[in-house]
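Me: Please take a close look at the strands of this chain and at how they pair. Start with the order of the elements, then go through the pairing.

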Amino acid sequence: MAEITPAAVPQESSTELAILTSNLQQVQHKVITQWTSKSLDQYLQQNHISHEQWIKQATEQIKEIRGQLDKLHEESAQSKEAVAAQKRKADEIECAIKEAAEKRQKLMFQKEEIENNIQHKSQELKQEAELLETQQKATRLRLSELTKAEEFFKERMGLRFKKLDSENLQFVFTNIDPKDHERVYYFTIKVIGKEYHVTDCCPQVEAMEELVQKLNKSNNLMEFAVTVRQKFKLVK
């Protein structure tokens with residue numbers, strides 16, 4: 001409300017105006033004081049209630065937001081852990097694949113090396129088998145020849161043959177000792193490859209090694225048998 005001053009009225013009414021002004025000021029002061037105080041209290045009270053409600057709502061919202069943030073942090077941590085676990089698993093798989101590739105490469109080299117060794121060994125075995133077959137054929141042929149000559153030697157030289165095994169043939173002589181026609185003289189021939197070897201001789205004769213060398217050069221078994229028989233005659 002606007003304050004009334006004495007300058008606003010005529011001079012003749014100054015006394016009444018002063019009284020009226022004083023009364024009005026008192027009324028104005030009373031009204032303003034009472035209304036302002038009451039209204040201010042109400043306003044402050046309402047504002048306080050509104051403020052508390054707002055604070056409560058804000059607190060709840062903050063609490064809710066914090067809960068959401070905590071949940072997001074937890075989900076983020078779980079997500080990071082899951083990502084880290086997936087990365088570790090991927091690294092392990094990559095490492096396993098790399099090791100498998102290296103092992104496969106190594107096995108391929110080993111397989112190639114083994115195949116080469118097998119091929120080489122197969123060729124060697126084939127060659128050895130062919131050589132053995134050749135030797136066996138030669139051995140069988142010589143033994144066959146010796147067996148066929150048995151009757152001839154038996155009739156002419158008092159000789160018989162005794163086959164000890166597949167490689168050894170014994171020459172047994174009689175009719176050498178004029179005092180004992182049944183006395184036995186013998187030597188044993190073994191054929192190894194393409195060579196003759198004397199493995200046993202009874203009684204021992206001189207220069208048997210040279211006689212065997214000569215036999216292997218001449219390949220004349222009949223001459224060898226005749227020579228050994230002559231050596232037996234010299235033994236006392």
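Reply: Read from the N terminus, the elements of the protein chain follow the order α-α-β-β-β-β-α-α, that is, four helices and four strands. Helices (H or I, at least four residues) and strands (E, at least two) are DSSP runs, numbered from the N terminus. The model is predicted, so local features need pLDDT of at least 70 and side-chain atom pairs count only at pLDDT 80 or more, while totals for chains, interfaces and linings use all residues. Residues are numbered from 1 along each chain as its sequence is written, and side-chain values use heavy atoms, with hydrogens and water left out.

Now the pairing, where two strands pair if DSSP finds at least two bridges between them. Strand E2, residues 168-173, is antiparallel to strand E3, residues 185-192, with six bridges. Here phenylalanine 173 has tyrosine 185 of E3 as its bridge partner. E3 also pairs with strand E4, residues 195-202, again in the antiparallel sense, over seven bridges. In that pairing valine 191 is bridged to tyrosine 196 of E4. Two residues lie between E3 and E4, which form a hairpin, and glycine 193 in its turn has a positive phi of about 70 degrees. In a regular strand the side chains alternate between the two faces of the sheet.

For the chain as a whole, 18% of the 236 residues count as buried, meaning under 20% relative accessible area with a 1.4 Å probe, protein chains only. Among contacts (heavy atoms within 4.5 Å) between residues at least 6 apart in sequence, 34% join residues at least 24 apart.

How values were computed:
Buried < 20%, exposed > 50% of the residue type's maximum accessible area, 1.4 Å probe, protein only.
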